[in-house]
Amino acid sequence: MDVLLRTAFPLELDLIKKIEVVLRKRFKQDLRFYIDLDGSLLGGVQVVIGNTIIDGSVVKRLDELKGKLTTVSME
Amino acid sequence: MVLKPEEVTSIIKKELEKYKTRLRTESIGTVIQVGDTIARVYGLDDVMMGELVQFSDNIMGMVLNLEEDSVGVVIFGTDNPDKNIREGDIVKRTGKIVQVPVGEALIGRVVNTLGRPIDGKGPINTQKSRPLESSAPNVVQRQPVKEPLQTGIKAIDAMAPIGRGQRELIIGDRQTGKTAITIDTIINQKGKDVYCIYCAIGQKLSSVVAVNEMLKKHGAMDYTTIVSASSRASASLQYLAPYAATAMAEEFMYSGKHVLVIYDDLSKHAQAYRQLSLLLRRPPGREAYPGDIFYLHSRLLERSAKLNNELGAGSITAIPIVETQAGDISSYIPTNVISITDGQIYLESDLFYAGVRPAVNVGLSVSRVGGKAQSKTMRQVASKLRLDLAQYRELVTFTQFGTDLDKTTRAQLTRGERMVEVLKQVQYEPLETAKQVIIIYAGTNGYLDDLPVGAVRKFEVYLYKFIEIKYPGLRSEIELKNGLDVDLRNKLDKLIIDCKKEFLANH
């Protein structure tokens, strides 16, 4: 299966190897890795496998935080 | 409200501490085709039917078609929401079936289909939400309709009365006063412990604003919510608006309260659904409507019911509106909705232009709940009224001959003419039950027969004022007493005779 690793900055090889180990355990399949650089992520890693995305990017966390903070209800 | 900066920072700090990052696996899809507010998406493997999905830029959509290798998504928004979506865009699941915020926070607000406020009065502060689609109460959970829902309109409360938990259709051509009847009904619910929800589907924005202004003017917005999916909104929002209104009503119903929901109108609702179905390539049926157009309305209207006492005895009364073309009530959508509802109020343009307003055709209008939803007093006076009007209708063609008629026929015609005058009413002035009983009693007992037809309505106004001055307790006596006993009849007779003397002396 094809796996896309999208990051903001180029990853060190041992980091990529760590991700590979975890994903192989999770998906138990033969995985082919592709790397993509996307500055808008600001940091962190996005893993896209088939039609599933595991989003660990900084921009996603900031969006979540924004959503949480703008809907604080005043008691 | 004065906000201190330290308060704000402490709240933000507290929220930041509560926030924990979680790495979640999300299912995504890719847009392969987009246009006409419909997007075809490849992927989204485990998405649910009717689930909310998210495009870029916070544009939301709903899954309506699950096909073998693609998913059909309708996009929500106003004014061309699909203009920023491109082929290849990522679509994410939200895991939530479309739901709408519900609760007391919605009272007095104007919201769109998804519960977002559009009246500029700040966000809707509620923790509760309900899915748009939910199953109707089953047989055991219901009880028969037995309490009246007073519309304040004489023609309806006397001849085709509506009960709490009933579905009563208002059907007529354009500009016959369909929306006007519903506004009067909402205004009449003041102080009667009934929440009102007015759902505008495909209406002009100016009409929705006019409704809002009129309700505000009569103080009705204190217990009313307006759900608006005007013609500006996408077909998907128009399609879902009545379900959103019903979900909001169900929240009150299951807490033992009474709700009145008005769907204005279901004809435009059917058209919006037809548009969606055709764009989703679902096979067209009669008049190009999809095969499940009946189910569209039946599942909506079945959710209005009267619950049994164990569940709190709450109710939702539904008043759907259907617009006919050239008075044709036997076309597709009108016949569908007539067979679903518990009765209809038929408005005719001929009557409207003849000056009979509200233009209710009392012969063709029916309420299948009928007398069970009327107080005993009203039932007694209304039965005579029904008879008088039926006899008048049979004979009214003879008035056009101008020939000499026998005494009985002339008497029936005179009575009928005056009863038709009695049923006319000014807009935005709903009448309480006691006043309705008084004027119908006066008419059916012949007290108006010697007044000229043109003076009947003036006399009516005079009579109400007269009773207010001379015998103010009469109105509450009528409301509380169960039936017109001899004592009450005598009082009414004396009052009406005295009033007539004064009226004829002054006019």
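How many residue pairs are in polar contact across the interface of chain A and chain B? The rule finds five, both residues of each pair being at pLDDT 80 or more. Keep in mind that this is a predicted model.

1. **Who touches whom.** Elements giving two or more residues to the side of chain A that touches chain B are strand S4 (52–57) and helix H2 (58–70) of chain A. Of the elements, H2(A) gives the most, with six residues. By type, the residues on this side of chain A are seven nonpolar, four polar and six charged.

2. **Extent of the interface.** Chain A brings 17 residues to the contact, and chain B brings 21 residues. Together the two chains bury about 1800 Å². Carbon and sulfur atoms account for 59% of that area.

3. **The salt bridge across the interface.** Side chains of opposite charge can pair when their charged atoms come close. Between chain A and chain B the count is one salt bridge. The partners are Lys60(A) and Glu26(B). Their closest N and O atoms are 2.9 Å apart.

4. **Strands that pair between chains.** Strands of a sheet pair through backbone hydrogen bonds, either parallel or antiparallel. Here S4(A) is joined to strand S1 (residues 25–35) of chain B by three bridges. The two strands run antiparallel. Look for Ile53(A): its bridge partner in S1(B) is Glu26(B). Glu26(B) also forms the salt bridge with Lys60(A).

5. **Salt bridges overall.** A search of the whole structure, over all chains, finds 41 salt bridges. One of them lies within chain A and joins Asp30(A) to Arg24(A), with the closest N and O atoms 3.6 Å apart. Is Asp30(A) buried or exposed? Asp30(A) is exposed, at a relative accessible area of 63%. Arg24(A) is partly exposed, at 30%.

6. **A pair that spans the sequence.** In chain B, Glu147(B) and Lys306(B) meet in a salt bridge at 2.9 Å, N to O. Why does this pair tie together parts that are apart in sequence? Glu147(B) lies in the loop between strand S9 (129–131) and helix H2 (154–159) of chain B, while Lys306(B) lies in the loop between helix H7 (293–301) and strand S14 (315–323), so the linked parts are 159 residues apart in sequence. Glu147(B) is partly exposed, with 26% relative accessibility. Lys306(B) is buried, with a relative accessible area of 3%.

7. Glu421(B) and Lys424(B) form a salt bridge through their side chains, 2.7 Å from N to O. Glu421(B) has a relative accessible area of 12% and is buried. Lys424(B) also counts as buried, at 12%. Elsewhere in chain B, salt bridges link Lys128(B), Arg130(B), Glu250(B), Glu251(B) and Arg303(B) in a network.

8. **The open sheet of chain B.** Eight strands of chain B form an open sheet with mixed pairing. Their order is S8-S12-S11-S13-S14-S10-S15-S16. Strand S8 (110–111) and strand S16 (366–367) stand at the edges, each with a single partner strand, so one side of each has no neighbour in the sheet. S8(B) is joined by two bridges to strand S12 (residues 224–229) of chain B, and the two run parallel. In this pairing, Val110(B) has Ile226(B) as its bridge partner in S12(B).

9. **A covered strand.** Where do the residues of strand S13 (residues 258–264) of chain B stand, buried or exposed? Seven of its seven residues are buried. In a regular strand the side chains alternate between the two faces of the sheet. On one side of S13(B), the buried residues are His258(B), Leu260(B), Ile262(B) and Asp264(B).

10. **The partners of S13(B).** Strand S11 (residues 194–201) of chain B pairs with S13(B) in the parallel sense, over seven bridges. There, Ile197(B) stands opposite Val261(B). S13(B) and S14(B) also run parallel, joined by six bridges. In that pairing, Leu260(B) stands opposite Thr317(B).

Key
Residues are numbered from 1 along each chain as its sequence is written. Chains are lettered from A and ligands numbered from 1 in the order in which they are written. This is a predicted model: local features need pLDDT of at least 70, side-chain atom pairs count only at pLDDT 80 or more; totals for chains, interfaces and linings use all residues. Side-chain values use heavy atoms; hydrogens and water are left out. Contact means heavy atoms within 4.5 Å. Buried area is the accessible area (1.4 Å probe) that two parts lose on being put together, summed over both. A salt bridge is a side-chain nitrogen of Lys or Arg within 4 Å of a carboxyl oxygen of Asp or Glu. A polar contact is a pair of N or O atoms within 3.5 Å; within protein, one must be able to donate a hydrogen and the other to accept it, and residues adjacent in sequence count only if both atoms are side-chain atoms. Helices (H or I, at least four residues) and strands (E, at least two) are DSSP runs, numbered from the N terminus. Ala, Val, Leu, Ile, Met, Phe, Trp, Tyr, Cys and Pro count as nonpolar, Asp, Glu, Lys and Arg as charged, and the others, Gly among them, as polar. Two strands pair if DSSP finds at least two bridges between them. Buried means under 20% relative accessible area, exposed over 50%, partly exposed in between (1.4 Å probe, protein chains only).
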